[in-house]
Amino acid sequence: MKISALNGFKDIIPGEVELWQHVENVARDIFSRFNFSEIRMPILEKTDLFARSIGEATDIVEKEMYTFIDKQITMRPEATASLLRAYIQHGLHVQKPVQRLFTIGPMFRHERPQKGRLRQFHQMDVEVLGTPNPRVDAELMAMGAMFLEKLGVTVSLEMNSLGCPACRPGFRETLLAFIEERKDKLCDDCVRRSTTNPLRVLDCKNPKCREQVEEAPSIQEHLCDDCAEHFTSVQKGLDQLKVDYSLNKFMVRGLDYYTRTTFEFITKDLGAQAAVGAGGRYDGLVEKLGGPKVPGIGFALGMERLVLLLQQKEEQKTDNSKIDIFVAGLGEKASEFVFPLVHILRQQGLQTAMDHEGRSLKSQMKQANKLNAGYVLIIGENELEQGQAVLRNMATQEQQEITIDSDNMKMASLLMKKCRQ
RNA sequence: GUGGGUGUAGCUCAGUUGGUGGUAGCACCUGGUUGUGGCCCAGGAGGUCGUGGGUUCAAGUCCCAUCACUCACCCCA
């Protein structure tokens, strides 16, 4: 029986991994422009951490976590909880009143895989801890937009406010009353939601529910004064930074901890998985996890989704990988001479390849061509006897004779010069 | 957890009413050039037709089961 990877788990093989590196490189570039520092956390945490942060009643905690039951530890289903745990544990709030952190890595959720959704998936997670300032909300969204634009994916930004513990319960009641009136016209899922998470009825995909919900009360009109002021300030900030966005009173978020600002970067090109990035404010969460009473806001980008979008955009990304020099040794004697020389070239910093299979020169030339080598150094029995090797420039097809020096270091520095000029 | 679709070479796919697995394309190897790449030409290698049963003289093809993949629902990045 052939062994294959687990369902929902994927290898990222050469040819594809370059795109991932590209996404990460762009992210690190943009995030550092915004003064973010990287943090890396372990993948395993105590189960309780996620139960407390994400919410006991959410699907993620109820049935999607990879948990070692006997040890009460869980592979993280998202990054925010772990990041906050590290923030609290190391007292990062004392070192700096406002922390701007990001992390990149795998997350695990036992859901049924589909397009843009795997059981092991990768997120880039960005968090700002220690400031309630609505400008930061706008700044974060602007950074996300800048990153996605730099990558070259087109998305739309949608924003909403979910209020705070002062105003959301009131809205919840108003909404429940509205739902109760037309319960018979909603889908089964929505009837269930009305008891588990009424806000979720607002973003049901069912067209009939959408129709019903059209007239539903808007949370944006039920915010308390503080939340309303925060909400308008965020919008003002986005306007100042010239970030395109639209308000979506139906957008709610799945995780319990969100307060006030929530947002999503949405694409039409990924089927059911519309969100390539999403997040929001979570002002009570750090305290809830036993940390200082500090507000926070953050968002996550789904890397699989970004990579899919990039793959769709340009069918074949031209392979730019290139090596400096291919050393072709012909015959056993030459191979023996060439073997340590190649090592010196690598020590000197040249990307160097050679063949170990004793293949013909023609075959080795083909390999060199495939590797996109800048130069090929040809050394066979003849060259060894005459003390002259051939250096071929693959682009210009020009060849020149190089004196073979028994001192590999001298030979290497000569080749360095030739190859790098 | 629920529903639909698909499983043939490393990849993309042909395969007729059941009648011997394809000179198919890409990729790989060798040769055409005593020791010189891309293009071209010739040749080669590569398969338990997802797996296990069943029907039949005969199954890649029909039936059942199972596994995997995939899309969607739920949920979510």
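Visitor: Is R260 buried or exposed?
Guide: The model is predicted, so every value here is computed from it. R260 lies in strand β9, residues 259–266. Under 20% relative accessible area counts as buried. R260 has 14%, so R260 is buried.

Visitor: What is phi of R260?
Guide: R260 is a residue other than glycine, yet its phi is positive. The residue sits in strand β9.

Visitor: Where does K242 lie, and is K242 buried or exposed?
Guide: K242 lies in the loop between α10 and β8 (246–247). K242 is not a glycine, but has a positive phi of about 55°. Over 50% relative accessible area counts as exposed. At 70%, K242 is therefore exposed.

Visitor: Which residues does Q235 contact, leaving aside neighbours within four places in sequence?
Guide: Q235 is found in helix α10. Its relative accessible area is 15%, so Q235 is buried. With those sequence neighbours set aside, the contacts of Q235 are M159, Y245 and L247.

Visitor: At what angle do the axes of α6 and α10 cross?
Guide: Helix α6 covers residues 134–151, and helix α10 covers residues 225–240. Their axes come within 8 Å. They cross at roughly 45°.

Visitor: Which word describes the orientation of α6 to α10?
Guide: Angles of 65 to 115 degrees count as roughly perpendicular, and those under 35 as roughly parallel. The crossing angle here is roughly 45°. That is why α6 is oblique to α10.

Visitor: Which residues make that contact, and how many of each class are there?
Guide: α6 brings P134, R135, D137, A138 and M141. α10 brings H230, S233, V234, G237, L238 and Q240. By class, the contact of α6 with α10 has five nonpolar, four polar and two charged residues.

Visitor: Why is α1 called roughly perpendicular to α12?
Guide: Helix α1 spans residues 17–33, and helix α12 spans residues 303–313. Their axes are 10 Å apart, at an angle of about 115°. Angles of 65 to 115 degrees count as roughly perpendicular. So α1 is roughly perpendicular to α12.

Visitor: What is the handedness of the crossing of α1 and α12, and which residues meet there?
Guide: The crossing is right-handed. From α1 come L19, W20, H22, V23 and E24. By class, the contact has seven nonpolar, two polar and two charged residues. Those from α12 are M303, E304, L306, V307, L310 and Q311.

Visitor: How many residues of helix α2 are buried?
Guide: Helix α2 runs over residues 47–54. The buried ones are T47, L49, F50, A51, S53 and I54. α2 is largely enclosed by the rest of the structure, because the buried residues number six of the eight.

Visitor: Which elements do the buried residues of α2 pack against?
Guide: The partners include strands and helices. The strands are β2 (44–46), β3 (66–68) and β4 (73–75). The helices are α3 (59–64), α4 (80–89) and α11 (285–288).

Visitor: Which residue follows α2?
Guide: This residue has a positive phi, near 120°. It is G55.

Visitor: How far apart do the C-alpha centres of domain 1 and domain 2 lie?
Guide: Chain A is divided into domain 1 (17–167 + 223–313) and domain 2 (323–420). The distance between their C-alpha centres is 50 Å.

Notes
Residues numbered from 1 in each chain as written. Chains lettered and ligands numbered in written order. Predicted model: local features only at pLDDT ≥ 70, side-chain atom pairs only at ≥ 80, totals over all residues. Heavy atoms only, no water. Axes fitted to C-alpha atoms, helices over the stretch in contact; angles between N-to-C directions. Helix = DSSP H or I, 4+ residues; strand = E, 2+ residues; numbered from the N terminus. Parallel < 35°, antiparallel > 145°, perpendicular 65-115°, else oblique. Contact = heavy atoms within 4.5 Å. Nonpolar A, V, L, I, M, F, W, Y, C, P; charged D, E, K, R; others polar. Domains from an automatic or database assignment. Left-handed = near helix turned anticlockwise from the far one by under 90°. Buried < 20%, exposed > 50% of the residue type's maximum accessible area, 1.4 Å probe, protein only.
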